[in-house]
Amino acid sequence: MKARSGLLVATLALAAACSEQLTQPGQCPELCPGGTPQSQEEILTALPGQDSTFTGYTERSSGSVMLVASGIPTLADASFGVIKFAARSDSIMFRDTLRAYTIDSVRLSLLSVAHDTAARNVKVQLYRLPSNLDTTTVSYPGVSPFFIPANLITEAVLPDTTVADTLRLTLKGSDLANLTLQPADAGVLAIGVAITGNIPTGGRIGNRRSILPPDFITFVTPISTPTQAQAIDVAATFADYVSLQTPVVDPTFLTVGGVPSSRVLLRFPWPARLRDSVTIVRATLELIPAQPIAGLPNDPGTLNVRGLATDFGAKSPVEPLSLGVLPLAANVTDTVRVEIARVLQFWQIGLLRPPAMFLSVSPEVETFTRAVFGSTRSGSPPRIRLNYLPRFPFSRP
Amino acid sequence: MRRTVLLALLVGLPAAASAQSSQFGVRGLGLPGREQSARAMGSGGAFSFFDPASSVSPASIAYLGSLTASFTVLNDYRSSTDPAGTGSIRDFRFPQFSVGGPIPRTPLWLALSYSNYTTRDYSLVFPATVILRGVPVAVNDTIRSRGGINDLQVAVAYRPTSRLAVGLGAHIFTGINRLDVHRVFSDSAYLASRQSSELSFAGFGVSLGLLGQLTRSLTVGLLARADGHVSIEEDSLPNRQKVDLPITLGAALRWRPARKLELAGQVLRHNWSRANDDIVANGGVGAVNTVEAAGGLEFTPNPRRPQRGPLRLGFRYAQLPFPLAVGATAKEYGVTAGSGYSFAADRAALDLSVERVWRSQDAQFNEHAWIVTVGVTVRP
């Protein structure tokens, strides 16, 4: 009986120990059948003439911000925001009767989406613009004369610690004189937005499509007895920006970003030996800036590199999962390197995946970032520095 | 009905019939299996020529008194040392199972067995530093292999006289070897890589066994086996590779000097060098002829019920066919002890063996292991 129990216990113990751990340190060459993986490096240069810039994918009217700056993206540049509100009624319905009112205070609200927190004394300045401003032809030369101290309505300093903030500028008392609407204004208020700082700087201010559109609230007291404070809320009918300079896309180079947005299509050679059997461990897209990357310091746009699902040229659909990303810092002149191993791994899947990629900057038309890179035409073509492992020579017996 | 179910279960067991892993299974076709049951392993394999649950000699199935099924479970606790360090390894395998018995109203026996022929189970880690883009980067390579060659044997034995048994075995070699290599980088800019491959094996061999009782207490066994060659297919590609398998010659002697005591010994020689050219042609180290020998005893306290608490002792010596370096010789020594217990009116039995094994090649590569084997035998 004891022997039987012992055997049963041993059997159960053996079954309970059914685990596996086979790893041990290896020694080459004795314990290296097939050797060890050998890394290889290769550089792929964009095919001549197969690198192009295409512009117009996203219009500025699709954006949700106004790019307002002084000395950004280049020192010679400046941009002003222009906001025109709907007409404010000169009377208010109070106790079932339209009544005249007296203005107690006014509040203008704006969303500051982002600004350079490294700049100091960054101010958002609001200027009075003519109420009869034609928004269909608004231009920098047309509005810039109004950005003078005499037209300054108010200003606010943006906090250094917060990238995004909601600006609520309230005027009361004597400050209301700056916002007095004359009969000729027909109740319409138009303002200009400027941003200044101790250094060239800028900011992104929400427009009508932002989550907090510009808002003009007038707090009034109806002329009535008894009376009660009321508010008249007027939304913006126009909110856009004008710039001193409008960059022109030079087809010699590759331009990505900007407004309207530009994208770059790159095609590379992709030999069968790379498609079939190698394992890609790193791939870096190297782009040589033709000029310092334009943008707002400390508010970089993101350079996105996406593989194409199929190659229809400028209208090719992209594969969203094959993505390489890199924040594009402003004023960089060194080679830009984006890790795109996932994109090249995507090229290895199936025969129909074209060895091509799209470059874009996000958020499109909502960032100051605009990069101009060398091309095959300028003598500094984009290239991919590729590290891979060839097919491992597994040991046959 | 129960017999049918049992047969189906045994035949349908997973094809994980590999024996213990070893760093000496890294090269060539791997570490050869023993094709022995737990009972035979208890005495170092010395009785395997005469053990019907083992697949060493097809003539041994003539000792089956009735339909018998057995399978073996093996646990290996190993410490392997090479110049790169020492690893503690454990694995769990099913190296052997068989079913067979006499064909009623004939002097014939029939058995089916599934055994490990060679094992290529290992997992090796190679830390290294490589230069990538001009910068040293630490990497960790892991080369992993699972699987090997299994031997599906159909054996028929014939007993022309009460003192003579002749067995003929047909061996079908099958199996899969999955290999993969994995590299991870210390620099997160590099993605980990994994490549894999699969080898599938197919082959056919024959064996002829003879058992002759010379006297009442002395039995001799002889074996001749030709395994032909194994065809290897990589990743289902059309081009196949062939590796010759050895011809094995062996002899064994069993002596019963007393009613409670049996002694046995066996010698086997495999000319694995037949595989040398094929292996070298593929960049391998090669293969060498091997000899293995075993001796052991079985003490039976109760000869009427020999499976109730016998004491089995044995030793074993073997050369390993696939050295890790050209010109080197790898060897294996082992001492074993075992016992067993039958129950259910001897319709079922458990056998247990514990073996201490030492393997070495030169002074640089060595390993020692505890191998615990449990066998279950059922006579439905």
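Author: Two strands pair if DSSP finds at least two bridges between them. Strands themselves are DSSP runs (E, at least two residues), numbered from the N terminus. This is a predicted model: local features need pLDDT of at least 70, side-chain atom pairs count only at pLDDT 80 or more, and totals for chains, interfaces and linings use all residues. Residues are numbered from 1 along each chain as its sequence is written, and chains are lettered from A in the order in which they are written.

Now the sheet. In chain A, four strands make an open sheet. Their order is β2-β24-β18-β21, with antiparallel pairing. At the edges sit β2 (40–45) and β21 (336–339) of chain A, each pairing on one side only. From one strand to the next, the twist averages 20°; axes here are lines fitted to C-alpha atoms, and angles run from 0 to 180 degrees between N-to-C directions.

Next, one pairing inside the sheet. Strand β18 (residues 279–287) of chain A runs antiparallel to strand β24 (residues 383–389) of chain A, and seven bridges join them. A:I280 stands opposite A:Y388 in β24(A).

For the setting, take the domains, whose bounds come from an automatic or database domain assignment. Chain A is divided into domain 1 (40–59 + 247–389) and domain 2 (78–243). Their centres, taken over C-alpha atoms, are separated by 40 Å. Domain 1 of chain A gives six residues to the contact and domain 2 of chain A gives seven, where contact means C-beta atoms, placed from the backbone, within 7 Å.

Technical notes: Contact = placed C-beta atoms within 7 Å.
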